[in-house]
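Here are my notes for your first look through this one. Have the viewer open as you read, and take the points in order.

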Amino acid sequence: MDVVLLFLDAANGKTHHHKFVVKSSSYSRLCSSKHILTVNGRFPGPTLKAQRGDKMVIKVHNKANYNITLHWHGVRQLRNPWSDGPEYITQCPIQPGNKYTYIFEFSTEEGTVWWHAHSGWARATIHGAIFVYPKPGSSYPFLQPYAEFSIILGEWWKRDVMKIPRTANLTGGEPILSDAYTINGEPGFLYSCSKKGTFNMLVEHGKTYLLRIISAVMDEELFFGIAHHKLILVGKDGSYTKPVETSYIMISPGQTMDLLLQANQPHGIYVMAARAYSSAFGASFDKTMTSAIVKYRGSDEQDTHPRRLPVFPHLPPYNRTQAGTDFTKQFRSLATKDHPTKVPIQVDTFLFFTISVNLLNCSDKPCSGPFGKRFSASFNNISFVMPQSIDILRAYYYKIPKVFEKNFPVKPRKEFNYTGDDLPNEFLTSSYGTKVMVLKYNASVELVLQGTNVLASDNHPVHLHGYSFYVVGSGFGNFNPKEDPLRYNLVDPPEESTVGVPKNGWVAIRFRANNPGVWLMHCHIERHQTWGMSMVFLVKNGASRHNKLRSPPHDLPTC
């Protein structure tokens with residue numbers, strides 16, 4: 001019944017039409033110029049705005065020289081995986097010169113979500129914000145802000161980003177590190193040749209601003225803050241939260257956060273900055289810091305590009321896992337009449353997935369990974385292999401055999417001390433396969449995501465397409481199925497679509513499988529996804545017409 005009501009809600013909204021032209025555009029950063037993939041020539045791309053219940057019609061024309069797909073991150077796509085976007089999962093890519101129209105509704109989302117390319121590493125430059133406002137007649141569950149700003153955190157490479165995964169695959173080693181982090185596409189005044197382009201945010205004293213933070217970063221979590229200012233978290237991943245006051249945030253690739261900024265400091269110029277949180281032992285990462293300027297209107301200081309080094313926010317050290325945990329453990333959903341919590345209390349489907357970075361032997365000569373091997377990554381020790389001749393959704397819908405297998409395991413085939421030191425070498429090697437897990441329609445699912453110390457532990461931001469879920473528990477070490485569920489939060493757990501699984505720890509999520517279709521789940525650290533840290537849920541149709549997968553659109557791209 002819920003799905004029917006959501007569709008009626010969406011049918012009463014407005015329809016917004018947009019044209020996206022994917023093309024190569026020249027941009028200059030860090031003292032050099034290069035061509036990057038863009039939408040409508042813009043980097044970051046266009047911001048989409050709608051109210052809850054509205055519909056989007058996005059006509060995409062690929063004028064680039066690469067295949068492309070677009071994903072609407074955090075949008076549920078009820079019964080409509082045809083518009084979800086991951087290449088070879090729910091569609092074949094839009095080939096150069098071709099077109100495809102994405103159509104979707106904002107059924108439950110409210111707050112900030114985003115869109116990005118979902119083919120190769122194109123999302124490094126093809127991404128943008130989506131603002132979803134309350135329905136007409138409704139309002140924010142907090143005081144109306146005076147104004148709002150989109151803050152998109154990203155990365156910049158001097159080299160051609162589209163060639164990075166191919167080069168890494170040939171060597172078997174890690175992809176090259178970025179040369180800069182960015183705020184709204186600009187590295188900031190700390191980098192060479194970047195002072196002029198530094199993003200500036202002009203504020204008025206005494207006003208409150210809504211900052212819509214999006215992490216379009218490819219490979220690292222980030223700490224973010226504004227000098228001398230407190231931030232109030234009020235939303236995450238398109239859902240509202242109880243207010244959390246903080247001096248910094250830790251945000252993972254793929255996540256969005258809505259923050260209130262109260263402009264209550266003396267007139268002047270303050271620095272907004274972000275730098276990496278990197279927890280994996282021995283892993284290299286970009287150690288630079290991106291910055292932007294927050295300037296009070298009427299400030300005596302007219303120079304918005306400071307010549308002297310200004311005061312920066314106090315951000316935690318790069319490897320301070322506790323600082324990230326101290327922030328994220330405060331997340332709670334509103335759980336009010338207008339924004340109720342619908343966490344499944346009774347569970348009929350229990351799943352346990354391990355998350356590992358693995359190694360594989362190289363065939364003829366040593367690779368560039370540790371011990372002369374090549375990197376791999378896995379869920380339940382299975383590295384996902386993407387089909388190349390047809391997408392999984394189409395193969396499922398048209399009953400085309402031998403494209404995928406329906407035997408993804410509900411738990412790892414072999415139990416071990418997941419977070420222990422000096423694990424046996426047998427756990428280093430993963431198997432390969434295009435395996436999906438089949439869920440019955442309306443199944444009540446609990447999924448425990450268990451980080452491992454295979455090769456090296458890390459924080460993994462896991463994103464589930466087609467769903468939001470409730471984060472009912474988390475902790476460090478190995479999940480204890482007898483004791484840990486006793487501490488679950490089933491009253492007001494945060495509702496998310498991308499959750500960080502802590503280094504050498506676990507996260508428990510719950511959701512109801514009431515959205516039929518084929519849905520990707522993957523780590524949003526791009527190198528991990530490239531190495532195979534993905535899997536697919538196949539949710540079966542329900543009994544009524546409103547609980548069944550929609551028919552494919554007429555312009556669906558072919559492979």
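1. Start with C92 and C559, which are joined by a disulfide with an S to S distance of 1.8 Å (a disulfide being a pair of cysteine sulfur atoms within 2.5 Å). The torsion about this S-S bond is about -85°, so the link is left-handed. It connects distant parts of the chain, 467 residues apart: C92 is in the loop between β5 (70-73) and β6 (99-105), and C559 is in the segment after β32 (534-539). Strands here are DSSP runs of E, at least two residues long, numbered from the N terminus.

2. A word on the source: this is a predicted model, where local features need pLDDT of at least 70 and side-chain atom pairs count only at pLDDT 80 or more, while totals for chains, interfaces and linings use all residues. Residues are numbered from 1 along each chain as its sequence is written, and side-chain values use heavy atoms, with hydrogens and water left out.

3. (Buried means under 20% relative accessible area, exposed over 50%, partly exposed in between, with a 1.4 Å probe and protein chains only.)

4. How many disulfides does the whole structure hold? The search finds three. Another one joins C31 to C193, with S to S at 1.9 Å, and it is right-handed, with 95° about the S-S bond. C31 sits in the loop between β1 (15-29) and β2, and C193 in the loop between β10 (180-183) and β11 (200-203), so this pair ties together parts 162 residues apart in sequence. C31 is partly exposed at 48%, and C193 is exposed at 61%.

5. C362 and C367 also form a disulfide, their sulfur atoms 1.8 Å apart. Its torsion is about -125°, so this link is left-handed. C367 is buried, at 15%. Counting bonded cysteines along the chain, the pattern is 1-3, 2-6, 4-5.

6. Now have a look at D219, in the loop between β12 (208-215) and β13 (221-226). D219 is buried, with 7% relative accessibility. Its side chain reaches the backbone nitrogen of E526 at 3.1 Å, and a polar atom of that side chain lies 3.1 Å from the backbone nitrogen of R527. Beyond neighbours within four places in sequence, the contacts of D219 (heavy atoms within 4.5 Å) include W121, E155 and I525.

Technical notes: Helices (H or I, at least four residues) and strands (E, at least two) are DSSP runs, numbered from the N terminus. A polar contact is a pair of N or O atoms within 3.5 Å; within protein, one must be able to donate a hydrogen and the other to accept it, and residues adjacent in sequence count only if both atoms are side-chain atoms.
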